[in-house]
Amino acid sequence: MGSYPAGLRYTREHEWAQVEGTRARIGITDYAQDQLGDVVFVELPKVGTRVRQLQTFGVVESVKAVSDLYAPLSGEVVEVNQTLAERPEQINQDPYGAGWLIVIALGDEAELGNLMGAAEYEAYLQSAGGH
Amino acid sequence: MGQSDDATPLKRTPLHAAHVRRGARMTGFGGWDMPVQYTGIVEEHRAVRAAVGCFDVSHMGEFEFRGPDAAGALQRLTTNDVAALEVGQVQYSLLCQEDGGIVDDLTLYRLGDDRFMMTVNAANIDKDWAWVTAHLGGRTEARNVSAETGLIAVQGPRAEALVGRLADRDVTRMGYYRCERATMGEVPAIVSRTGYTGEDGFELYLPAADTERVWEALLAEGKADGVLPVGLGARDTLRLEMRYALYGHDIDQTTNPIEAGLGWVVKLAKGEFLGRAAIERVRAEGPRRRLVGFEMVDRAVARHGYRILRDDAEVGHVTSGSYGPSVDRYIGMGYVAAALGAVGTEIEVEVRGRAQRARVVKTPFHPPRVKK
């Protein structure tokens, strides 16, 4: 149904992480953007902020809903997607590409073991997660 | 099927199956299972302002009143001047309590010298029916026809052309807030040039059993116009941009018409009506608070219930707020202490514990384009 790229890792709260060497790019999944509806606002942490796995690091708002963002991995924010301030709809249009939220310097690679792969995430959506 | 809070099943309009067929995202609203969106709130909102959109508003309630004293009874029940309402005319009005609190906002149709129809909010049908029947008096016949009446709103610059092609008469000449009987395809309808979007458009009152036929005909016939079915999500952003009140958010039984900026539908000179004395007092003394429109200065979304602050003190609260797609700003409505109600006043909205700057602005946020 939705799109869940194979190379990414996923959380139960519908965020994805893409490891890029010692860094990880983070966003929300196709399922999450579809559930939210049209995104109109994103609140993201500043560069230098430390985020912790499965703790909230920001907020994404659609016309109708306010939703917390949970960090898939721990680390320090090194990049923030500034284009989302003017064009938050990129999160709906391209959740794995132009809609990326933050990039972190990875704190602990072992944390990847706590995340799901694409097939597992898809199975999760079919069962409990897709509500 | 969706469930309402107390686990009674949600009510369905005659168009429920059609919405589900189209893959609409459904939600419970005022006890009804309604479409929030079909393709997306922003896309639907823009389609209404640029072309034409069709809304299922069949969940709303309709009451019919008949009899030689119907006009008099309605005059005593509502705030606007029924004596000034001509046959074939519609007026926006309010039902108020003795203390001036608003029971509901409504539109009142004069269908004949002694025949009226009142359209009320879906969530208030039972409350309003109990209210009007308790206050009517013996000589007026009243019927709650909500369950047998479907209602479709067709709104946007291309609404006139679309409704015109399906109606058996020339609707182009129908004036704003006027109504007529017409046939849509072969379906008898009451058509009014009214709406909740700020665009030109019509509301079509139809027999419930024929509503789906007309809905499908509008969406098929309007394809070339770019018609979209539009859900409650866009209905809310469209009305917000016009600063139209939403009952339960901006107005309720604790708000009076003067503070809500609805003094223009209160005609004190017309004579006695429920709530008159209390409303007159507020008008004379000035309201203690005012419903204003504001826009965010800092980048943040104001939402219903958020506190409004000034100089670290709470001075009000947000009643409605969101992103306005046609104005491309974060906007809202809320009550503030009357002294802070002037356009240009700087206020703050507390969003997730932090004060975000905002400013009281002139409304409507978007220019109305209703029929002149």
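Trainee: Which residue in β19(B) is the bridge partner of Gly293(B)?
Mentor: That's Val361(B). Keep in mind that we're looking at a predicted model.

Trainee: Okay, and how many bridges join β14(B) to β19(B)?
Mentor: Four of them, linking residues 289–296 of chain B with residues 354–361 of chain B, and the two strands run antiparallel.

Trainee: What about β18(B), in which sense does that one pair with β19(B)?
Mentor: Antiparallel, over six bridges; β18(B) covers residues 346–351. One of the residue pairs there is Ile347(B) with Ala358(B).

Trainee: Switching to chain A. How many helices and strands are there?
Mentor: Four helices and nine strands. Starting at the N terminus, the order is β-β-β-α-β-β-β-β-β-α-α-β-α.

Trainee: Why call chain A as compact as a globular protein of that length?
Mentor: Because its radius of gyration is 13 Å, close to the 14 Å that the globule rule gives for 131 residues. Along its principal axes, the C-alpha trace spans about 35 × 30 × 20 Å.

Trainee: And what share of chain A's residues count as buried?
Mentor: 40% of the 131.

Trainee: Last one: what percentage of the chain A contacts with a separation of 6 or more come from residues 24 or more positions apart?
Mentor: 63%.

Conventions:
Residues numbered from 1 in each chain as written. Chains lettered and ligands numbered in written order. Predicted model: local features only at pLDDT ≥ 70, side-chain atom pairs only at ≥ 80, totals over all residues. Rg over C-alpha atoms; globule rule 2.2 N^0.38 Å. Buried ≥ 20, exposed ≤ 12 C-beta atoms within 10 Å, placed from the backbone. Contact = placed C-beta atoms within 7 Å. Pairing = 2+ DSSP bridges.
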